[in-house]
Each structure stands twice: as C-alpha cells, then as structure tokens.
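Student: Please put the structure up. I would like to question you about it, one point at a time.

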Amino acid sequence: MPLFKKTSVDSEQYTPSNVQAYEMIYGTDFVSPGGREIAKQFAQRLELRPGERVLDVGSGLGGCACMLAQEFETDVDGLDFSSSMVAEASARCREKGLSEKVRFFQQDCLELEAIEEYDAIMSRDVFLHIGDKERLFRNLFRALKPGGRMLFTDYGCRERPWPWTFARYVKARGYTLHTLYEYSTIIERSGFSEVLSEDITALFIDTLRKEMRGLKDLPWHQRATFRLAWTSKLRAARKGVHRWSLIQAVKPG
Ligand SMILES: C[S@@+](CC[C@H](N)C(=O)[O-])C[C@H]1O[C@@H](n2cnc3c(N)ncnc32)[C@H](O)[C@@H]1O
C-alpha cells in the first residue's frame, strides 16, 4: 500500500474548500475545464475497446476514470499525488458501484514504475504541475503496451517573453507550461510516434465564459478570488498568451 503523504498541491491549490469550489465550477467529480461532457468527447479519440486497461494520470476526484469505465467499459487505474483526492475518488467510486472496474492509488507520476501495463493513458490538465517532463513521458511510454495510445489536455502558453501578469500567475501557481511545439518535441524524444498536437484555446475561452456564469453560486468568501482568477485566465487566453493544448501520441507497436 503506498504511503499517504500531505503534499504542497494538497495544502495550497487543492485544499478541501478550493476543490469544492472547482467542482462547483467544472461539474460534479471534475477539477478540469469542461467537466464530464468534454472529458467524454476527448476520450472518444482514444477509440477505447471494452476490457482495455486505461491509466488516468492525476485522477483528482475520479470523474474521468469513472466515466471511462461507464462509457467505454474499460478497466481503469487512477493515480494521483494527493492522498485526499485518492480517498475522495475511491469513496465516490464505491458509491457508484464501480470498485470492480476502477481503482485509485496515491502516487507521484514521476515515480510510476509500471511496464507495458496499459492500452491507453489519459490525463486532464495535470502535467502543468510537472517540471520534469522528460521523466514524465519516459515513465508513461514505459507504462504503455506496444501500440498503446496516450491523450491529454494541459494548460499551455505562447512563446516567451510573456506579459508580466501571466509570468507572475504561472510562477505563483508553480506551473511549468509549454508551447505545442515544445510539447511535441519532448514527446517525440521520449519515443512516441504519431504525435498530434492541437491548440484548443478557442474551446478554453468558450468554456471559461460558461464557467464564469457559475461563479455567482460560490460561497461569498471565494467569489471575488475565483472571479479574479477566471477573468485573468480569460484575458490571457484572448490575448493568445494562455493556451489550452490537446495532445495525442502512440507508442510504436
Ligand atoms: C487540475 S486537477 C485535475 C484532476 C482530474 N484530472 C480532473 O480532470 O478532474 C490536477 C490533479 O493533478 C494531481 N497531481 C499534481 N501533481 C501530480 C503528480 N506529480 N503526480 C500525480 N498527480 C498529480 C493533483 O493532485 C490534482 O488532483
């Protein structure tokens, strides 16, 4: 059983009250833009078959992992660095009666040691937290079976220099962001082929605008902070500085 440890993402960005707010904004069981509907749309691109084994990296509250099992009849492992996310995802999974199909474990994806275990890997807006992308993609490459597919979305950026407001936001959050070109290069260098990278910032803007309507339902003490954060993201995305990236790649068979 992995050790449950308190981490800085737990204690800073993903505090229980922030996670509750994120969920009110993104939708039940999700901590990423677009909630279940967008997660399902993206997952369709993986062309999953019943019984395939899928790894959801940075599974959060478990919404995506459970959706993959329910909609595509796959067997899913969700891993997350945060022990509280894993505990919450496991409890929700049990309530949905999915414990046979989906399991969650606490792990840093940089420590993943799986070898050729998975037919597919999906991840939603997690890799922004990872500085060492070379190690990340080496691990994910090794974890996939030959012919295995990977799909993820992540916050991205345009080439530097950035406006200072954006640079300050990225630094304050501890994010490591990449342009699509940088991402594709790292992923190809890790051994993946058929790398498809798509700028989905227009969808990000659309999603942010819809989410902003929900901010009024947040508790009063969080409303102003989240409104400021969403307004800043929207402004940076409209200027083309803050991007949203969708990347697909295949491990050669
Ligand atoms: C924006 S949330 C996304 C959660 C989930 N993918 C979703 O779509 O709802 C990012 C998640 O990544 C997790 N995370 C951050 N760094 C990680 C790491 N090094 N290894 C595994 N998970 C990590 C966080 O704990 C958090 O649950």
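Student: Which word describes how H6 and H8 lie to each other?
Tutor: H6 spans residues 133–143 and H8 spans residues 180–189. Their axes (lines fitted to C-alpha atoms over the stretch in contact, with angles from 0 to 180 degrees between N-to-C directions) cross at roughly 50°. Angles under 35 degrees count as roughly parallel, over 145 as roughly antiparallel, 65 to 115 as roughly perpendicular, and the rest as oblique. H6 and H8 are therefore oblique.

Student: What kind of model is this, and from which number do the residues count?
Tutor: This is a predicted model: local features need pLDDT of at least 70, side-chain atom pairs count only at pLDDT 80 or more, and totals for chains, interfaces and linings use all residues. Side-chain values use heavy atoms, with hydrogens and water left out, and along each chain, as its sequence is written, residue numbers start from 1.

Student: Is the crossing of H6 and H8 left-handed or right-handed?
Tutor: Take the near helix and see how it is turned from the far one, by less than a right angle: anticlockwise is left-handed, clockwise is right-handed. The H6 and H8 crossing is right-handed.

Student: How many charged residues are in the contact of H6 with H8?
Tutor: Contact means heavy atoms within 4.5 Å. Here Lys133, Glu134 and Phe137 of H6 meet Tyr183, Ile186, Ile187 and Arg189 of H8. Asp, Glu, Lys and Arg count as charged; Ala, Val, Leu, Ile, Met, Phe, Trp, Tyr, Cys and Pro as nonpolar; the others, Gly among them, as polar. That contact has four nonpolar residues, no polar ones, and a charged count of three.

Student: How far apart are the axes of H3 and H4?
Tutor: H3 is residues 35–44 and H4 is residues 63–72. They pack at about 60°, so H3 and H4 are oblique to each other. Their axes are apart by 10 Å.

Student: Which residues of H4 make the contact with H3?
Tutor: H3 passes H4 in a right-handed crossing. On the H3 side, the contact uses Arg36, Ala39, Lys40, Ala43 and Gln44. By class, the contact has six nonpolar, two polar and three charged residues. From H4 come Cys64, Met67, Leu68, Gln70, Glu71 and Phe72.

Student: At roughly what angle do the axes of H2 and H10 cross?
Tutor: H2 covers residues 16–26 and H10 covers residues 220–238. Their axes come within 12 Å. H2 and H10 are therefore oblique; the angle is roughly 55°.

Student: In which loop is Asp29 placed?
Tutor: The phi of Asp29 is near 75°, positive in a residue that is not glycine. Helices are DSSP runs (H or I) of at least four residues, strands (E) of at least two, and both are numbered from the N terminus. Asp29 sits in the loop between H2 and H3.

Student: Is the peptide bond from Arg160 to Pro161 cis or trans?
Tutor: Pro161 lies in the loop between strand E5 (144–157) and helix H7 (164–173). Omega of the bond from Arg160 to Pro161 is near 0°, and the bond is cis.
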